[in-house]
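Visitor: I would like to learn how to read a few features of this model. Please take them one at a time.

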Amino acid sequence: MLLLRKLTLREIHLPLREPFRTAGGTQTLRRILLVEAEDEDGHIGWGECVAQETPSYAPETVETAWHAITAWLAPRVLHRPIEGPESLFALFERDVRGHPMAKAAVEMAAWELEARRRNVSLARMLGGTQPRVPVGRVVGFQPDPDALVALVRRHHAEGYRRIKLKIRPGADAAFVRAAREALGPDADLSADANGAYTLDDRDALRALDDLGLSMIEQPLGWDDLVRHAALQQVLRTPICLDESITSLERVDDMIALGSGRVVNLKPGRVGGLAAAVAIHDRCRAHGIPVWCGGMLESGIGRAHNVALASLPGFTLPGDLSPSRRYWEQDIVTPEWTMDADGYVTVPFDRPGMGVEVDRDRVENLTVRRTVL
Ligand code: MG
């Protein structure tokens, strides 16, 4: 039985190691909403909300998540006995539609708290079995194929197990071909379109079929399944769905329609770890490989992702880059690292999420806080 007595929300501004360019402009820091849960015995658990500043990836933002947690979610879990972290998802779903990232932030804090309380690793509690997980690297848009080749060569040499190229109409086949020629036929290369194409672009996407990509991620609309099914029928390359996978039911729909053959699983996008584990189990039963995507998390969100990715169905490299890839200095110790073979070690031997929060650093980075 879980009895939460306090939820502390913080917004931190975490400086990025190098500026992050998106369609919306250039970011030099990441606004992150952190949730710290405390139970009646003083056990602590941390969760991180993956919502961004703007609704460019998903409808939620830092502001909407802050509001959803304070107004609707916290009152449903504070000071009332809860069976355990696995029951939070249904509790939230009953009364609050949408807002999966806000729900996940609270739910994941409860999972971490429960793991600390039981003195076991979060990975163990979720059913993880893999001692280490392969790591992939995302490469953003480059001005020309030569610039891209220089980057993919470097990251391949650093040991990353997969290189994922961002693509969009007009910046696709020529770039992917250059990367393929540079790395050779055996390197794991994939592409992520973040919904930049329409069905009318099917010829441009079919032009990628001969380049040996392990998958094309989310070529079409962020909430689409039907058009992806039509596209998959004319593409040999497996389609991987990311933005479209918002629940277990959407996975069932994907399977029924044939909208994709791989799933990028992000706990924040599906409402938390319980839903993510359920999706993992369903995909595994259907022989669909899953891997863990990234949302520019701090070391807290990364910890939850690593624990999840230790489950046996995570057979493909995850976007689990080490802390130094993004941050001047992370907010956890030890920071997340990757070995020379391109793997991150799952901290099965440490309680909870396996890293400790650097409270002084979090305090220094906090720009607002509320205690519920
Ligand atoms: Mg993606």
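The dialogue below takes up a sheet, a helix pair and a metal site.

Guide: The model is predicted, so local features need pLDDT of at least 70 and side-chain atom pairs pLDDT 80 or more, while totals for chains, interfaces and linings use all residues. Residues are numbered from 1 along each chain as its sequence is written, and side-chain values use heavy atoms, without hydrogens or water.

Visitor: In what order do the seven strands form the open sheet?

Guide: Strands of a sheet pair through backbone hydrogen bonds, either parallel or antiparallel. Here the order is E5-E6-E7-E8-E9-E10-E11, with parallel pairing (at least two DSSP bridges between two strands; strands are DSSP runs of at least two residues, helices of at least four, numbered from the N terminus). E5 (136-139) and E11 (290-292) each have a single partner strand, so one side of each lacks a neighbour in the sheet. Four bridges join E5 to E6 (residues 162-166), and Val 138 has Lys 164 as its bridge partner in E6.

Visitor: At what angle do H5 and H6 pack?

Guide: The angle is taken between N-to-C directions, from 0 to 180 degrees, of axes fitted to C-alpha atoms over the stretch in contact. H5 (residues 145-157) and H6 (residues 173-183) pack at about 40°, their axes 9 Å apart.

Visitor: Which residues are the protein donors of the magnesium ion?

Guide: Donors are N, O and S atoms within 2.8 Å of the metal (3.2 Å for Na, K and Ca); water is not among the atoms, so sites may look incomplete. Asp 192 (OD), Glu 217 (OE) and Asp 242 (OD) lie 2.1 to 2.4 Å from the magnesium ion. Their sequence spacing is D-x24-E-x24-D.
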